[in-house]
Every structure is written in structure tokens, then in C-alpha cells.
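Please have the sequence and the structure ready.

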Amino acid sequence: MNRTIGKESSTVRRILLGVTGGVAAYKAAELARMLTQSGIDVQTVMTESACRFVGPVTFQSLTGNPVYTDLWETNAAANMAHINLSRTVDAILIAPASADFIARIANGMADDLLATLCLARECPLMIAPAMNRQMWENPATQRNLDLLRADGVTIFGPASGEQACGEVGMGRMLEPFELADALYGELQPKLLKNKNVIVTAGPTYEAIDAVRGITNISSGKMGYAIARAAVEAGANVTLISGPTCINEPVDTKLIKVMSANDMLEKVRDEISGADIFISVAAVADYRVAKPQEQKIKRTEGAFSLLLESNPDILKFVSNLSEPPFCVGFAAETENLEHNAESKRKNKKLPLLVGNLAQNVIGTDECELILFDDEGKYPLSKATKYKQAQKLIKHIAKLYKTSKKNDNSND
Ligand code: C5P
């Protein structure tokens, strides 16, 4: 029987977007539009210098809300109400955060409305620095950022690249879509807080000789998205990855491997203390029996390679005497349900994620079916990141139940 996974209620409802003085303020307008379009109530507060780069009317039009700029607003309707803004939002995001504003909040100053709201708050504060390379590299700025980090402020970016002043280097504000993603991620419920999670991802590469090998077309995107969703859910994540072209994910311990045997070795090294093992890697079933050290020379006629079987890493983990909660993946080209269920039983998995290989490998979006003891849960087409978030939610629920059952059996 098909079941549905509880529709995600948005965890982010109301955001205070603080805009400070920098050229990147124009990108904040795009961010305000994106957040508003995704159903978030965006309350904008601008510093005086931000208003020199972009007008408050822009944000007012894009968010449908009044824009606050003045600590000394005496209009009766707004009087003091704007000071309460920070008490009614899920988070404050300052984008762009100028070097001057960073310096002011790092030192607890409350000399304008936005700085006052940052001081008089209990909600999370996130900042997206944007400034010239030299200002970013200046020890004073770095010192201020360290102070903010120590105070629990989250810092998004900056990125490196061409700057408005013509220089190239660190200090560019992240793009609006990156900030929107980072914001949602930061505010996810911490369903796996302090849990140790190992994710395997990507293909493996089995050498034939010094320059050639056998691999597959797995991109690693799903595994990396799951690692990211697990980090956002508060887990300590170790990502053991075959060769991919994906950027190193933030806040994970990334271990790069090539072959299935390398991957098994690293899994063995890391597995003690793991609470959850998510095996997303497309591990090669076979390796070349005798890889050559030198490049094999072409000869006339047929050429054959003797292959031998690779270890099944997931099976190794699920057969440990005290295995972590194991999740497998099955990319099938046919008979998905039948093959997925028999794999789940064969590998003794509480949860297996099935998909059709031809629709999923290398793509950014996919459909998935989750198979567990209770039945199957189809997840309709969505980005791999969205699917990863749903999967992590389901894993957290099953993991919690399995721990309860373990305790009641003690
Ligand atoms: O049997 P099959 O390869 O389809 O099983 C897929 C699942 O098993 C995936 O979770 C994959 O990461 C894992 N696996 C493994 N080691 C192998 C082969 C598959 O861990 N040698």
C-alpha cells in the first residue's frame, strides 16, 4: 500500500531582512522577491547607507510590507512596533552585511534601527558579508567575524570573484538563490542532532592500468544532497565519496576514495560510533583482477579483462554485530519494486530507497520510492536536495522508533 510522508510544513514563516550599505544591496532585492514568492513574510529594515544604493520602495513593492529605516520613527502606527519586529520573526538575515555593520554588531552597538534589532533579539542571526577584498582580509574585520561566530551568529559566504571595485578576490556576497538555500537549511529542525552519520556517494573507479579504469555514470549529486540535509538536521556527517565534480560540502568530513576496496577500508575506519549509515554510492560490482602499472599497449585482435567480485560494503555494515541504522539505495532499470524489496531483505535493511536508474543518474531532479517495514512511500519528482530533506526526515523517524524498540527489548 502506498503511504504518504507528512507534507512538510514550512519551517520558515517570517524573516527580517536587514540591508546595509553596499553595492550588493541590489541583490538583496532579488533575495526579497525569492523569499516572498516562496511564501515567506519578509520584513525589511534598511540602514541609512543602504538607502543610498537601493530605495526602500523597491523592497516595499517586492515584499508587500512597509520598510523600516529609522530608529526614531514617531508615526503613531509604527511607534515602537518596529522595535518588536525581531521578536516576531523566525530569523534575522543581514544581506549584504557591510564591514562597518559587522564591526558595529560585533561590538554590541545599537546606534541605528537595524543594529538595535540585532541586539534586542532571541531569534537566530545570519549575515552575508559583502565587501572589497582588502576590507574582508583586514585583521579588524576577521576579528569582528570571530567575535560574531563565538556569539553564535551564522556567516554565509562570502564568495570569491570579480568585485564592483574591479578587484578580484574574497568578499562577493553569495548569490540570492544560494542565500535562500542557506537560510532554509539553517532553519531546518535538528532531527538528527549530534547523531553520527556516514554517507557513501558517487561512483567508484576500478583501475585497468595507469590511465584507464572502469567506472559508472553516477554523479554523486544524491549522496552529497543527503550529506547536506543531514548536516542541516544537526548530524555530524562523514561523507566517503568516489570521484565526483561536486564542490566540497560545508561542515562535513569529506574522505575521497577511488575504488570499492578503498571505500570499504574507509568505511571500516569510520564505522565505530556511527548511528546511521546511508549507502548511496554506486559501488562497482567488479574490479580488474590484475590492474597493470603501466599503460597497456594496443595490439591487434581481441583483448579481454578478467574481473573479480568487489566486496558489498553495505552488507558488511548491516552484518556487523551492532550495526548502525542502515539505509540502502537501489537504482534499477526494470522491476523496481520487486528488486528493491528483495534487496532490502537480502541486505537486512530497515529502509531502502528505490529509483529508476534511467531517470535519476546525473539529473538534478528525481522521483523516489522509500521501502520500509510498513510499506512503500513514493516521493514525487523534486530536486535531489528536496528529496534528501524528506528522506532525512523519514530516517530520523524510523531511527527514533528503532531506538525505542531496542530500549524496550533490553
Ligand atoms: O545490490 P546493489 O548493488 O543494487 O545494491 C545497492 C546498494 O548496495 C546501494 O546502497 C549501494 O551503495 C550498496 N552497495 C555496496 N557495495 C557494493 C554494491 C552495492 O555498498 N559492492
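A backbone N or O atom of Leu314 lies 2.9 Å from an oxygen atom of the ligand. Two other residues have such polar contacts, that is, pairs of N or O atoms within 3.5 Å, as the table lists together with Leu314.

| Residue | Protein atom | Distance to a ligand oxygen atom |
|---|---|---|
| Leu314 | backbone N or O | 2.9 Å |
| Phe329 | backbone N or O | 2.8 Å |
| Lys347 | polar side-chain atom | 3.0 Å |

The protein covers 86% of the 440 Å² of accessible area that the ligand has on its own (Shrake-Rupley method, 1.4 Å probe).

The model is predicted; local features need pLDDT of at least 70, side-chain atom pairs count only at pLDDT 80 or more, and totals for chains, interfaces and linings use all residues. Residues are numbered from 1 along each chain as its sequence is written, and side-chain values use heavy atoms, without hydrogens and water.

The shell around the ligand (residues with a heavy atom within 4 Å) includes Ser279, Asp312 and Lys343. Its residues divide into six nonpolar, two polar and three charged, where Asp, Glu, Lys and Arg count as charged, Ala, Val, Leu, Ile, Met, Phe, Trp, Tyr, Cys and Pro as nonpolar, and the others, Gly among them, as polar.

Which residues lie nearest the centre of the largest pocket? They are Asp181, Arg228, Glu232, Pro249 and Val250, out of 32 lining residues. A pocket here is an open set of points on a 1 Å grid over the protein atoms alone, where a 1.4 Å probe fits, with protein on both sides within 12 Å along at least five of seven lines; lining residues have an atom within 4 Å of a point. The lining divides into 13 nonpolar, seven polar and twelve charged residues.

How values were computed: Polar contact = N/O pair within 3.5 Å; in protein donor to acceptor, adjacent residues only side chain to side chain.
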